[in-house]
Amino acid sequence: MSADRAETAARLRELLETEGDSVQANTAVFNRGRYDSVAELDDYEELKDRAREIKEDAIERLPELIDELTESVEENGGHVYLASDAADANRYIEEVFAERGAETLVKSKSMTSEEIEVNEHLERAGIEVTETDLAEFVLQIAEEDPSHIVAPAIHKSRDEIARLIEEVFEPDDPPETAEELTMFAREYLLEKVTGADVGMTGANFLVAESGTMMLVTSEGNARKSAVAPDTHVALAGVEKIVPRFEDLAPFVELIGRSGTGQDLTSYVSLLTPPVESPPIDFESPDVPGFGGSDAEREFHLVLLDNGRMAMREDTHLCETLYCIRCAACSNTCANFQHVGGHAFGGETYSGGIATGWEAGVHGLDSAAEFNDLCTGCSRCVPACPVKIDIPWINEVVRDRINHGRGEGFDFLVDGLVPDAEEGGPDLQKRLFGNYGTLARLGSASAPVSNWIGSLPPARIAMERLFGIDRRRPLPTFRRETLVDWFEGRGGPRVDAVDADREAVLYADAYTNYVAVDRGKAAVRTLEALGVHVRVPEVPESGRAPLSQGMLATADEAASAVYGALAEHVDSGGDIVVIEPSDLAMFRADYEHFLPERSFERLDENSYEVLEYVFGLLENGANEEALRTGDDRVAYHSHCQQRSLNLEGYTEAVLSRLGYDVLTSEVECCGMAGSFGYKSQYYDLALDIGYDLVEQFEQPGERDRIVLTSGTSCTDQLDDLMTREPIHPVELIAPE
């Protein structure tokens, strides 16, 4: 294993042991809340559509809205400063302190201040800075960075926080319970708030037409920080602006549900500063009128660019600006759940959307530190309240990282491999990105290729050269491919003139060269239901290179696949896909590669195999032609299958045929294609996989037949369980 991979693996193992349990427990709570809360909304998808429309419009008109907001705030009596970068913003804020003769600051609710490191800047200038939100307060005294966008101390347990407070403050009666810890912080911070010269907050949203800011918090400290001192500085990225007051409505409904699973967050504050109430004189609490202070309120809104306007002009990164910082993408990500934002994050932002943010505001080097932890499983897409295609942003950034570094000797393989990359991807990515070619060669030379791949010296060499962990069994290539088998049996067994439907079964690389039996089962199943089936040789979908950030190769593959299938699609035939990640290419990712009409045709005519079987049965096909039974089965649906909302078709078919179905509840099996083969991520992949194994190995469930829909899930469970998983179509296929 290379030094870099070994260092990454060691860092991930450390976080799995020290922070993983707390992050996993807390994100599980958030997710359960989100599932329950959104289930109660009849118009959830409509709300998401409306929220996205508002953000699309706002980012499109951003320069105009910045001017309108500036005019509104200044009419209200406040000041607006458009800061070009972190240094510019910090300089302005320091000047505000100097002009006011201020020496103390209380802060609340601002990841943007983390982005510009305002605490460190002001402290160097002699300003005392106090974080007032409980989690930020804990991190400040622990001298740690946030691990989560909305729950920054998610990685810490109550016991850890209790020990920290005892060590830092040495109280006579150390607090232990959650209530005692909260009360200790409340009393300590109240003194800081009442004595502060300036209060600083962020802003979840800014309304251009009125200058109103909305703060969504779980504590009331943002309100205190904004109005207790006579000077309020609000720091927000320019992307926080929405045009009108009524535009806030869908976000009020979505942000709490998406982030922490609350129907509504504890505090939703709407301020149009400078507020008219007089500043509070805490030294004269008995004097009417908030102590009778005659100090005038002052408000400064610092709007931060710091790369955002350039992101707006970037076709691929622009969607990042739609982000409302709810962290739903973090909560739903299996990798994040196990290692948290200290691994899955850059200089400021963490989780799935962090790659876009870090690439935009800090640069590719910051994004590169964690970009590979996004496996492209797409589970974050349906969770995102503004429907950002986060996996695509990650792949685009990965592609730019590949081609922006120019490290190593990867250029030596240019021209020796069939991909379309010129330099860039390292050897490990290049190997996995060319999996289709590798599988074709492995199949053509089987069983010799399988024998060589099993030799310890070969595994050691593959680990050192390509980073393929020697502990992960390799696929066993089949000499007879699915296409060969189909041709060898004489082609279709159901004539076209006798069939109600015609389908091309798409032979993906794994089905064609490794899991040939599931392909044969699919053919038998479709023919039993009266379908005229063909299994032609069709190029690889491009999923493998896409997952490695090799976009030029994926683009080339998409065109080749459509070229091979176009005639069949144009004639009204169906495309049946076994591998969910390939279907996700056809239905989602190809939108980035193909002309719109070509993408739509392939999208509209492609089906997941059990989805197709469900449709046939619903339209009168004879279910008795399939294998029925009362077996108990444990079913794990593939991530991308669930993101496409297809899981229910498999469950429905199995139940219809008499099977007793237990469906997995975990977000992911952890394998995610090439991820679990890579030596730097092998331990993390296993840690995630054991969550699924644990459910299927519960007492009373161990007799169930294990079913998995995707290649990656099959590989993972095959390695972790004693029961060999099969595809659902292998269960129902007639002999």
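Helices here are DSSP runs of H or I with at least four residues, numbered from the N terminus. Keep in mind that all the views below come from a predicted model.

View 1. Helix H22 covers residues 448-454, and Ile452 sits in it. Together with Val448 and Trp451, Ile452 makes up a nonpolar patch on the surface. The three share about 320 Å² of accessible area. Ile452 has a relative accessibility of 42%, so it lands in the partly exposed class, which runs between 20% and 50%.

**View 2. A run of acidic side chains makes a negative surface patch.** Eight residues go into this one: Glu166, Glu167, Glu170, Asp172, Asp173, Glu176, Glu179 and Glu180. Two elements, helix H9 (158-169) and helix H10 (178-194), each give two or more residues to the negative patch. Zoom in on Glu166 and you're looking at a residue of helix H9. Its relative accessible area is 40%, so Glu166 counts as partly exposed.

**View 3. Met200 is tucked away in strand S4.** Strand S4 spans residues 198-201, with Met200 among them. At 0% relative accessibility, Met200 is buried, because buried means under 20%. So who's packed around it? Setting aside neighbours within four places in sequence, Met200 is in contact with Ile93, Leu105, Val106, Lys107, Ser108, Val118, Ser225 and Val233.

**View 4. Met200 and Arg312, C-alpha to C-alpha.** Stay with Met200 and pick out Arg312, 112 residues away along the chain. Their C-alpha atoms are 27 Å apart.

Key: Residues numbered from 1 in each chain as written. Predicted model: local features only at pLDDT ≥ 70, side-chain atom pairs only at ≥ 80, totals over all residues. Heavy atoms only, no water. Patch = residues over 30% accessible without salt bridge, like charges linked within 9 Å, V, L, I, M, F, W, Y side chains within 5 Å. Areas by Shrake-Rupley, 256 points an atom, 1.4 Å probe, with all protein chains shown as cover. Salt bridge = Lys/Arg side-chain N within 4 Å of Asp/Glu carboxyl O. Lys, Arg positive; Asp, Glu negative; His and termini not counted. Charge placed at Lys NZ, Arg CZ, Asp CG, Glu CD. Buried < 20%, exposed > 50% of the residue type's maximum accessible area, 1.4 Å probe, protein only. Contact = heavy atoms within 4.5 Å.
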